[in-house]
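Here is a short briefing on one protein structure.

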Amino acid sequence: MRILMIGGGGREHALIKALQKSPKAEQLFCAPGNGGVSKDAICRPVDPMDLDGVVNLAKSEKIDLVFVAPDDPLAAGLVDKLEQAGVRAFGPSAAAAQIEASKVFSKNLMKKYGIPTAGYEVFDDPAAALAYIREQNSYPAVVKADGLALGKGVVICEDYAAAEEAVRSIMLDKKFGASGNRVVVEQFITGPEVSVLAFTDGKTLRPMVSSMDHKRVFDGNRGPNTGGMGTISPNPFYTDEMADRCMREIFLPTVRAMAAEGRPFKGCLYFGLMLTADGPKVIEYNARFGDPEAQVVLPRLETDLVDIAEAVIDGRLDELDIRWKPGAAACVVMASGGYPGSYEKGIEICGLDEAGQLAHATVYHAGTAVKEGKFVTAGGRVLGVTATGETLEQALEKAYDAVSRISFTGAHYRKDIGRAAGGAKA
C-alpha cells in the first residue's frame with residue numbers, strides 16, 4: 001500500500017515509524033513532513049490546510065490510505081473531502097471533529113449525556129464572562145477559548161486580575177483569532193491527569209495504553225503551558241479498576257453520544273482525564289493522536305497499525321484483537337531556546353546520525369529541517385527523544401542518556417519527566 005501522512009510534527013513522525021513496521025506499507029509519503037521525517041518517507045510540500053492540494057497529491061501519487069493527523073485539517077473537513085474523491089482516509093469527519101474544535105460543543109455534549117466533567121458556563125460577551133467570574137469569586141478559575149488554539153487556549157487564573165487579562169487577550173485582543181469569539185469559564189478541579197487515546201469505528205472503542213503528559217515548560221510544573229514537554233506510559237495512577245470505570249462512565253457514553261448526535265466518530269479519540277476525589281472527569285477531548293502522547297503509546301503497539309486503520313474505516317474494529325507490549329516508555333522533548341515564546345530557527349543539531357537517530361532510543365523529529373546535509377531547528381518543540389524499558393525507571397534513564405548526547409544552542413528540556421509518577425530522577 002502507498003500511504004500518505006498529513007502533518008509535519010513529532011506525532012506524525014511517530015505514526016510513520018509505526019507504519020514502517022507494517023509489511024503492507026510499501027511506500028510512505030508525508031505532507032509536508034520535516035527534516036527527520038524526510039529520512040523515513042517521501043515528503044511533499046503541501047500545506048495540510050490546502051484541502052484540494054492534499055486530494056490532488058493523493059490522486060497523483062495513487063495513495064491507498066491517508067492518515068490525517070493534525071486538528072485543523074480534520075476540523076476543516078479534509079477526511080470528508082478525501083472520501084468524496086474516493087480516497088480512503090483515517091480520521092473523523094468535520095462534524096465529528098467538533099468534539100475538539102469547539103469546547104462549547106464538547107461541554108454541552110457532556111452535559112446533555114451525563115458524562116462527568118467540570119462545571120462551566122459559556123460566554124460570547126467579555127463583560128458577562130467577567131461578571132460571572134466576580135460573582136463566583138472562586139480561584140483558580142479556568143478560562144478556555146472555544147476553538148482550536150495550538151493547545152495553548154486554556155488559562156488557569158489565580159485571581160481576578162489574571163482572569164481579566166485572560167478574557168481580554170482571548171476575547172478582545174483575539175490572541176487566538178476567531179477561536180476566542182466565545183469562552184468557557186470552568187470550575188477548577190484537581191487530581192492526577194491521565195491521557196487515554198482510543199481507536200474507534202463509531203461503534204466499538206478500543207483504548208490504547210495510558211500516558212501522562214507534562215504541559216508546563218519548566219521543572220516542577222512551572223511556567224506557561226506548552227504543547228507538551230514530555231510523556232510517560234503507562235500512567236501509574238490509571239489502575240485497571242479506574243480503566244473499567246472510565247470505559248463505563250466516559251468512553252462508551254462519548255462514542256454513543258456522538259452517534260446519537262448524527263456525528264459518529266471514526267479514528268483516534270483522545271480523552272484528557274482528571275482523576276478527582278469525585279471520580280474521573282473529562283478535561284478535554286482531542287479528535288486525533290496526542291502530541292507527544294503518540295510518541296510513547298505507538299512504540300508499545302504490537303498489532304499492525306494498517307490493519308487497525310482499515311478496521312476503523314470499515315467499521316469492523318470489533319473483529320480485531322489489539323495487542324500492546326508490556327513495560328514502559330518515556331519521551332523527553334528538547335525545545336528551542338525561548339519556547340513557548342519566540343525562538344530562533346536554523347540552529348545546527350549535533351549528535352544525531354544521518355537518519356537523525358541515536359542507538360538505544362528513537363528520536364522523533366518535531367521541528368527540524370535539513371540544510372546543507374545537516375539537521376537544523378525549525379520549530380519550538382524540536383525533538384522527542386523516546387526510549388522503552390521493562391520499567392519506567394529504565395525507560396527514563398535511557399531517554400535522558402540519549403538526550404545528553406544531543407545538543408543545539410539554546411536547547412532546553414525538563415529534567416523531571418515522570419518524577420511525579422515515581423520515575424527516576426534525571
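Seven aromatic pairs turn up in a search of the whole structure. The model is predicted.

**Aromatic rings**
- Phe-199 and Phe-289 form an edge-to-face pair, because their planes stand at 75 degrees, with ring centres 6.0 Å apart; the cut-off for edge-to-face is over 60 degrees.
- Phe-199 belongs to strand E10 (residues 193–200), while Phe-289 sits in the loop between strand E17 (279–286) and helix H10 (294–297).
- The pair therefore ties together parts that are 90 residues apart in sequence.
- Phe-199 is buried, at 0% relative accessible area.
- Phe-289 is also buried, at 3% relative accessibility.
- Phe-251, Phe-271 and Tyr-285 are linked into a cluster by ring pairs.
- Tyr-413 has a charge over its ring: the charged end of Lys-415 lies 4.5 Å from the ring centre.

**Helix H12**
- Helix H12 covers residues 392–403, twelve residues in total.

- E15, E18 and E22 belong to an open sheet of five strands, in the order E12-E15-E18-E22-E19.
- The pairing in this sheet is antiparallel.
- Strands of a sheet pair through backbone hydrogen bonds.
- Strand E12 (212–213) and strand E19 (362–365) are the edge strands, each pairing on one side only.
- E19 and E22 run antiparallel and are joined by four bridges.
- His-365 stands opposite Leu-383 in E22.

**Arg-11**
- Arg-11 lies in helix H1 (residues 10–20).
- Is Arg-11 buried or exposed? Arg-11 counts as buried, because its relative accessibility is 9% and the cut-off for buried is under 20%.
- Leaving out residues up to four places away in sequence, Arg-11 touches Ala-69, Pro-70, Arg-288, Phe-289, Gly-290, Asp-291, Ala-294 and Gln-295.
- Among these contacts is Phe-289, the ring that pairs with Phe-199.

Terms used: Residues numbered from 1 in each chain as written. Predicted model: local features only at pLDDT ≥ 70, side-chain atom pairs only at ≥ 80, totals over all residues. Heavy atoms only, no water. Phe/Tyr/Trp six-rings, centres within 6.5 Å; stacked < 30°, edge-to-face > 60°. Helix = DSSP H or I, 4+ residues; strand = E, 2+ residues; numbered from the N terminus. Buried < 20%, exposed > 50% of the residue type's maximum accessible area, 1.4 Å probe, protein only. Lys NZ or Arg CZ within 6 Å of the ring centre and 35° of its normal. Expected span 1.5 Å × (residues − 1). Pairing = 2+ DSSP bridges. Contact = heavy atoms within 4.5 Å.
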